[in-house]
Amino acid sequence: MSFTLTIAGEAAPTHGSLDVVNPATGKPFASCPDATPEQLDQAMDAAASAFTTWRGDLAARREALVRAADAIQAAAPEIGRILTQEQGKPLEAAVGEAIGASVWFRLTSEMPLEPEVLQDDDELRIELHRKPLGVVGAITPWNFPIVLAAWKIAPALLAGNTLVLKPSPFTPLSSLKLGEVLRDVLPPGVFSVLSGGDDLGRLICEHEAVRKISFTGSVATGKKIAAAAAPDLKRVTLELGGNDPAVVLGDVDPSAVAQKLFEASFANSGQVCVAIKRLYVHESIYGAVLDEVAELARNAVFGDGLEEGVKYGPINNEPQFQRVCELVEDAKAAGATVVTGGGPRAGDGYFFEPTIVSDVAEGVRLVDEEQFGPALPVMPFRDVDDALERANDTHFGLGGSVWTTDLERGVDLARRLECGTGWVNQHLNLVPNAPFGGCKWSGIGYENGRWGLAAFTEFQVINAAKALRARVAASARRARAASLSRAEWGGPGSARAGTT
Ligand code: NAD
């Protein structure tokens with residue numbers, strides 16, 4: 001397998017390379033180019049130059065996005081296979097992610113972007129135009145490299161921007177493949193893909209050609225990016241980490257919700273920004289829910305994502321694997337009970353047993369921090385107000401959910417969660433027509449829907465006075481009024497004037 005950078009619509013030469021590890025084996029299986037600063041400049045020059053024409057024709061951009069959607073759909077099996085090997089997720093989920101990206105391009109191609117008329121009367125015509133920003137630097141993480149890239153590329157391009165994508169060094173290959181797939185679909189320079197280390201991300205954020213940084217990743221990196229963007233006042237959208245609580249009320253049937261709770265916690269082996277990361281269960285059903293989710297964890301089929309029947313893959317990379325090990329060990333040392341799992345699986349790869357932990361509470365790192373892996377703390381509560389207070393007592397604010405048979409109450413309680421998306425009787429269900437983003441440290445700005453598209457634009461208000469027409473009309477009115485008053489009051493030239 002060999003992969004190349006896409007710069008100015010062409011494969012760029014590889015000057016240096018980085019190993020890419022298959023997390024199911026823990027061993028390198030391919031390499032990616034390590035883009036040089038000169039190649040970054042070339043990609044930025046190409047993007048800036050392409051912007052001058054790309055911005056001009058909305059209809060052409062809509063058509064290009066549809067062609068891109070077709071191309072991604074056709075390549076989904078191939079992209080998916082690469083994704084499984086570098087990311088670890090099961091093949092079906094990986095192909096599904098690529099198809100999801102294609103769907104995102106298609107839906108985005110139809111989104112409205114025409115000017116709005118805010119006022120149109122005798123005096124004024126005021127129009128609101130959405131103008132592209134210029135070159136966008138897009139930086140993505142390793143958990144959903146393809147679909148999260150699509151959330152940026154499709155709206156940025158529809159709005160008339162051009163974009164340079166830098167994937168995570170842990171999962172660069174599927175994005176490089178995406179660059180190859182779109183080489184003949186999009187005009188040169190409109191979309192470039194550069195792989196490299198974290199420092200390449202820093203250089204993108206500092207690059208003078210970049211007008212907007214669209215970033216998905218950790219809170220720590222998000223803060224660095226906000227600081228790097230400030231001197232040039234580059235626009236930023238930051239989609240950052242989460243520590244989502246799920247609050248399960250006592251009126252639900254444990255066996256009706258256990259599977260859903262488990263899936264929303266362990267999807268992608270817990271490596272989802274909006275996975276359930278803290279489970280609060282009413283004490284009346286606590287034991288039953290704990291037993292059920294532990295049983296599901298015990299029976300979860302985890303392994304190499306290329307193997308038939310595997311539902312949960314490994315942790316993506318060594319540092320993250322060590323972190324999950326550390327958080328679970330820390331919880332044990334703090335007196336937590338490991339109900340099932342509790343450690344790495346023997347053998348190769350970054351496999352961690354699906355783990356359920358009880359007898360744990362706030363103040364323990366597994367609860368307070370984002371574990372981003374297959375280890376879930378399950379905690380009882382007596383009073384729902386107390387549960388909400390505990391749920392909200394965090395710097396994070398990405399998602400949260402309430403589970404109850406009383407829908408109205410569920411909605412009321414979900415509204416009290418401090419988070420960007422509050423679900424009721426579900427979690428993780430992200431839809432293309434709603435904005436997605438976090439409050440507090442979970443992010444700045446939104447992706448998806450018309451709000452995500454607007455984030456790749458700047459407003460321009462065109463405020464036109466109908467002055468000339470209005471002045472003509474006004475002077476005609478004044479002339480009519482003057483002749484009336486002359487006639488009535490005997491002004492100069494009036495018939496009455498002669499009589500005085
Ligand atoms: P990360 O912050 O370590 O890396 C993300 C990207 O930033 C990578 O491409 C990396 O190379 C790059 N990067 C690192 N340092 C940089 C710098 N100084 N300047 C510019 N770029 C730099 O995150 P990760 O470990 O890849 O991803 C996991 C995190 O992402 C988790 O916290 C997860 O919750 C979060 N995440 C958030 C969302 C969301 O939409 N809110 C979605 C997925 C993941």
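Colleague: Which residues touch the most other members of the largest nonpolar core?

Modeller: Keep in mind that this is a predicted model. The largest nonpolar core has 85 residues, and F105, I153, L163, L182, L186, F191 and L194 touch the most other members. Helix α2 (residues 58-87) gives the most to this core, with 12 residues.

Colleague: What does L186 touch, leaving out residues up to four places away in sequence?

Modeller: L186 touches W54, A64, L157 and F191. Contact here needs heavy atoms within 4.5 Å. There is also a second, separate core of 31 residues, which includes V247, V324, V357 and A387.

Colleague: Why is C205 called buried?

Modeller: Buried means under 20% relative accessible area. C205 is at 1% relative accessibility, so C205 counts as buried. C419 has a relative accessible area of 17%, so C419 is buried by that cut-off too.

Colleague: How do you know how many disulfides there are?

Modeller: A disulfide needs two cysteine sulfur atoms within 2.5 Å, and by this rule the count is zero. For C205, the nearest cysteine sulfur is that of C32, 18 Å away, so C205 is in no disulfide. For C419, the nearest cysteine sulfur is that of C439, at 6.3 Å, so C419 is in no disulfide either.

Colleague: What makes strand β10 largely enclosed by the rest of the structure?

Modeller: Strand β10 covers residues 210-216, and six of its seven residues are buried, so the strand is largely enclosed.

Colleague: How do you know that β10 pairs with strand β7 and with strand β11?

Modeller: Pairing needs at least two bridges. Five bridges join β7 (residues 135-139) to β10, and five join β10 to β11 (residues 235-239), so both count as pairs by that rule. Each pair runs parallel. As examples, I139 has F215 of β10 as its bridge partner, and T216 has E239 of β11. From β10 the chain crosses through helix α7 (residues 219-229) to β11, in a right-handed β-α-β crossover.

Colleague: Why are β5 and β20 said to stand at the edges of their sheet?

Modeller: That open sheet has three strands in the order β5-β6-β20, with antiparallel pairing. β5 (116-120) and β20 (457-465) each have a single partner strand, so one side of each is left without a neighbour in the sheet. Neighbouring strands of this sheet are turned by 20° against each other on average, direction ignored.

Colleague: What makes β6 and β20 a pair?

Modeller: Nine bridges join β6 (residues 124-132) to β20, and at least two are needed, so they pair. One of the bridges links E127 with I462 of β20.

Methods:
Residues numbered from 1 in each chain as written. Predicted model: local features only at pLDDT ≥ 70, side-chain atom pairs only at ≥ 80, totals over all residues. Heavy atoms only, no water. Buried < 20%, exposed > 50% of the residue type's maximum accessible area, 1.4 Å probe, protein only. Helix = DSSP H or I, 4+ residues; strand = E, 2+ residues; numbered from the N terminus. Right-handed = clockwise from strand over helix to strand, strands pointing away. Axes fitted to C-alpha atoms, helices over the stretch in contact; angles between N-to-C directions. Core = buried A, V, L, I, M, F, W, Y, C linked by side-chain atoms within 4.5 Å.
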